[in-house]
Amino acid sequence: MLSRFLAFFVLFVLVGTTFAQTATPPTAAVVELWPEGKMPGNGAKEAEAEVPRNDGFHRITNVSRPTLTLFPAPRKAGAAAGPSTGSGQAPAMIVCPGGGYGYTVIDKEGTEIAAWLNSAGFTALVLKYRTPNNRAGALQDAQRALSLARERAAEWNVDPQRLGIIGFSAGGHLAARTSTSFDERSYPAIDAIDRQSCRPDFAVVVYPAYDGEIVSALGTQLEGELSHDFAGETFSIPICLRVAERIHLSRIRPAT
């Protein structure tokens, strides 16, 4: 059962073949994260474009208008049309594609993941975050995406207490950062959406990039928190996330 509190499931697996075999689901909506003129931080210096490759996948760069693309969970047979309430709301995940923070591989690690999540009964929200070389902007986008999903939970038929994040490669790095820095939003609140929690209820980090940076950033805080439970274990991303969960668990409130 998905916990109402922060939980982490860290995966270091090759999953491309599994996801590639799942058809891309129909898109319900593309939603911009920020109101016009109010996006914090910086955008790209050039127009949004696709990075050419010969492998059939689509890589988007120069993103200055980050978006969420909504792929609703399939409605069960006999369910009424329109938003559900209570247990009828679907669990959901923000999907963070990889691309070395230079671009986002929007299909291989985005829409294909959405199809897989849909097949498991999850609503998927594919995040097109700011690139290139804009980690601060990407974190702001991920935090905003979680708050936006909770603000529109009824409209999108999403359970706001079962909202997680999944990321691949650089997107895995972004998911890990988002999952350990939720108690201090990385930008000043701009509207009612930002009053919603930006804490993911669970996270999946798949072959994350820049793991040394995550360990270094958390190291000072976590070393003092290591107990006998972690003694002798390699100080790596899985350990960082497990200890970070322990640190935050006593301070966080269930998402609302």
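These legends accompany several close-up views of a predicted model.

Residues are numbered from 1 along each chain as its sequence is written, and side-chain values use heavy atoms, leaving out hydrogens and water. In this predicted model, local features need pLDDT of at least 70 and side-chain atom pairs count only at pLDDT 80 or more, while totals for chains, interfaces and linings use all residues.

**View 1. The whole protein chain.** Let's start with the overall picture: the protein chain has 7 helices and 10 strands (DSSP runs numbered from the N terminus: helices are H or I, at least four residues; strands are E, at least two). Of its 256 residues, 51% are buried, meaning under 20% relative accessible area with a 1.4 Å probe, protein chains only.

**View 2. Helix α3, residues 135-151.** Most of α3 is covered, with 14 of its 17 residues buried.

**View 3. T178 and its neighbours.** Here we look into helix α5 (residues 170-180), where T178 lies. T178 counts as buried because its relative accessibility is 0%. Leaving aside residues up to four places away in sequence, T178 touches L139, A142, L146, I165, C198 and P200 (contact means heavy atoms within 4.5 Å).

**View 4. An open sheet of 3 strands.** The strand order is β3-β4-β7, with antiparallel pairing. At the edges sit β3 (49-51) and β7 (104-105), each pairing on one side only. Strands β3 and β4 (residues 59-61) share 3 bridges, where pairing requires at least two bridges found by DSSP. For E50, the bridge partner in β4 is I60.

Terms used:
Buried < 20%, exposed > 50% of the residue type's maximum accessible area, 1.4 Å probe, protein only.
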